[in-house]
There are 2 protein chains.
Amino acid sequence: MSSTSAIAIKNATDLWFKQVSRVSAIFDACTDSQLKFEIAPGRNSGFYLLGHLTAVHDAMLPLLRISDRLYPELDEPFIKNPDRSGLPCPEPATVRNQWATVTAALNKGIAALSFDEWMERHASISPDNFVNEPHRNRFSVLLSRTAHLTEHIGQLLWINK
Amino acid sequence: MSSTSAIAIKNATDLWFKQVSRVSAIFDACTDSQLKFEIAPGRNSGFYLLGHLTAVHDAMLPLLRISDRLYPELDEPFIKNPDRSGLPCPEPATVRNQWATVTAALNKGIAALSFDEWMERHASISPDNFVNEPHRNRFSVLLSRTAHLTEHIGQLLWINK
């Protein structure tokens, strides 16, 4: 592919790396008890968002066809159910480690993909259907998950410390 | 350019159009007085974010080299100063109209650019410097402003109605 195609990918992956760094810095700057507070009255806690983002990013590993998931058990407390569901839930230290592990695996996979590989299908569409829906590629996953992460960064900027 | 390049642009512009539609729907669903409330205690009002996003998107017109700005007077109350600055400020109905006008002009310009045009420089870098920093292209503006908008959508999802 031409060099401009590589630049377009660098534009998008640089933004992903930047947003992941920003949110990691927010989590790192909070104590476990600060994370447990609601960010605004009646809204999610920072801890819930840490678990939620870890689970959503973990699911990107198979969706981008990088690898199997690492922590599918996070879906029940952090995706399928809302904050304060009363479900058993791992400790903050555990989820912090899972976030770091998922981030490292995902970023390594993201950094390795070429333009042509980004334009290939993601795992939720079959090769047959992809012929008619070529926009359902890995790149759409990168952009939409960057947006998902960024939406929650907007909320996490309001965390009380 | 190849068809995959056009698809990459479609991926990114579709996300922009989607996020603009989402935030427009949030503003449309609020009365003027609902917009004036703080979204969370001590945080921005919906009205401030409406003015802020209108001003930032208005500035994208020259940054993307689409056209001159339409409403540079919005910078003073909505970018250079925070909410509740006490500065004179237009009425909500006025800013709603400005948002609609900026959105229409910007979306028309965004829809018209080809992959090669997205890979050209944005207005804040000179042609000479762009030779060595080719990632400072229009596409980087689209992605970063999509992120900026999405960060505020995360906050606007918490608006009280």
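Modeller: In this predicted model, a salt bridge joins the side chains of B:R22 and A:E151, with N to O at 2.9 Å. The count of salt bridges between chain B and chain A is 2. On the side of chain B that touches chain A, helices α1 (3-28) and α8 (138-156) of chain B each supply at least two residues. By class, that side of chain B has 18 nonpolar, 14 polar and 4 charged residues. Polar contacts also cross the interface of chain B and chain A: 10 residue pairs are found, both partners being at pLDDT 80 or more.

As for extent, 36 residues from chain B and 36 residues from chain A take part in the contact. About 2,800 Å² is buried between chain B and chain A, and carbon and sulfur atoms give 70% of that area. Of the area that chain B buries against chain A, 25% comes from B:R43, B:E151 and B:W158, more than from any other three residues.

Next, the nonpolar packing. The largest nonpolar core has 90 residues, and those with the most contacts inside it come from both chains: A:W118, A:F139, A:L156, B:W118, B:F139 and B:L156. In soluble globular proteins, nonpolar side chains tend to be buried together. Leaving aside residues up to four places away in sequence, B:L156 touches B:V23, B:I26, B:F27, B:I39, B:G46, B:L49 and B:L53.

Helix α3 of chain B, residues 46-63, also holds B:H57. B:H57 counts as buried because its relative accessibility is 2%, under the 20% cut-off. With residues up to four places away in sequence again not counted, B:H57 touches B:W16, B:W99, B:V102, B:L106 and B:L149.

Two loop residues of chain A deserve a check of their backbone angles. A:R65 is in the loop between α3 (46-63) and α4 (75-80) of chain A, and has a positive phi, near 55°, although it is not glycine. A:R65 counts as partly exposed because its relative accessibility is 35%, which lies between the cut-offs of 20% and 50%. A:R84, in the loop between α4 and α5 (92-112) of chain A, likewise has a positive phi, near 60°, in a residue other than glycine. Most residues other than glycine have a negative phi.

Definitions and conventions: Residues numbered from 1 in each chain as written. Chains lettered and ligands numbered in written order. Heavy atoms only, no water. Contact = heavy atoms within 4.5 Å. Buried area = accessible area lost by both parts, 1.4 Å probe. Salt bridge = Lys/Arg side-chain N within 4 Å of Asp/Glu carboxyl O. Polar contact = N/O pair within 3.5 Å; in protein donor to acceptor, adjacent residues only side chain to side chain. Helix = DSSP H or I, 4+ residues; strand = E, 2+ residues; numbered from the N terminus. Nonpolar A, V, L, I, M, F, W, Y, C, P; charged D, E, K, R; others polar. Core = buried A, V, L, I, M, F, W, Y, C linked by side-chain atoms within 4.5 Å. Buried < 20%, exposed > 50% of the residue type's maximum accessible area, 1.4 Å probe, protein only.
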